[in-house]
Amino acid sequence: MIRPETKGLGDSLTAVAPVLSRMDRNVGGLDRALRVAAGLALLAVGYRNRDRTLGALAAVAGGDLLATAVVQRCPANAVLGIDTCG
């Protein structure tokens, strides 16, 4: 039984959605393609070296690059004022 004071996953996602929607898209074009290519390469390096720390770091970095390419939003670009969408 769910206690009334506990929020479910749906409530958490509803609370996070406005924060995510405030960040405009800032990754596009060549930047996006390079992120996909570099992300896949880093994931391959991470997989090949999965028993080492370097492999884990490469996999995390590759996943991050792929995620920013898919959602077309990069917090680092936002902080630096970079917009490659057009």
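Asn-26 touches Gln-72, Arg-73, Cys-74, Asn-77, Ala-78, Ile-82, Asp-83, Thr-84 and Cys-85, leaving aside residues up to four places away in sequence. The structure is a predicted model. Its protein chain holds four helices and zero strands, arranged along the sequence in the pattern α-α-α-α.

**Chain overview**

- The protein chain has 86 residues, of which 20% count as buried.
- Of the contacts between residues at least 6 apart in sequence, 70% join residues at least 24 apart.

**Asn-26**

- Asn-26 is located in the loop that lies between helix H1 (9-21) and H2.
- Asn-26 counts as buried because its relative accessibility is 5%, and the cut-off for burial is under 20%.
- Asn-26 and Pro-75 are 49 residues apart along the chain, and their C-alpha atoms are separated by 8.9 Å.

**Helices H2 and H3**

- Helix H2 spans residues 29-48 and helix H3 spans residues 53-71; their axes come within 7 Å and cross at roughly 155°.
- That crossing angle makes H2 roughly antiparallel to H3, because angles over 145 degrees fall in this class.
- The crossing in which H2 passes H3 is left-handed.
- On the H2 side, the residues that meet H3 are Arg-32, Arg-35, Val-36, Ala-38, Gly-39, Leu-40, Leu-42, Leu-43, Val-45 and Gly-46.
- On the H3 side, the residues that meet H2 are Gly-55, Ala-58, Ala-59, Ala-61, Gly-62, Gly-63, Leu-65, Leu-66, Thr-68, Ala-69 and Val-70.
- Sorted by class, the contact of H2 with H3 comprises 13 nonpolar, six polar and two charged residues.

**Thr-68**

- Thr-68 lies in helix H3 and is among the H3 residues that meet H2.
- With a relative accessibility of 6%, Thr-68 counts as buried, since burial requires a value under 20%.
- The side chain of Thr-68 forms a polar contact with the side chain of Arg-35, at 3.0 Å; Arg-35 is one of the H2 residues in the contact with H3.
- Leaving aside residues up to four places away in sequence, Thr-68 touches Val-27, Arg-35, Arg-73 and Cys-74.
- Arg-73 and Cys-74 are touched by Thr-68 and also by Asn-26.

Methods
Residues numbered from 1 in each chain as written. Predicted model: local features only at pLDDT ≥ 70, side-chain atom pairs only at ≥ 80, totals over all residues. Heavy atoms only, no water. Axes fitted to C-alpha atoms, helices over the stretch in contact; angles between N-to-C directions. Helix = DSSP H or I, 4+ residues; strand = E, 2+ residues; numbered from the N terminus. Parallel < 35°, antiparallel > 145°, perpendicular 65-115°, else oblique. Left-handed = near helix turned anticlockwise from the far one by under 90°. Contact = heavy atoms within 4.5 Å. Nonpolar A, V, L, I, M, F, W, Y, C, P; charged D, E, K, R; others polar. Buried < 20%, exposed > 50% of the residue type's maximum accessible area, 1.4 Å probe, protein only. Polar contact = N/O pair within 3.5 Å; in protein donor to acceptor, adjacent residues only side chain to side chain.
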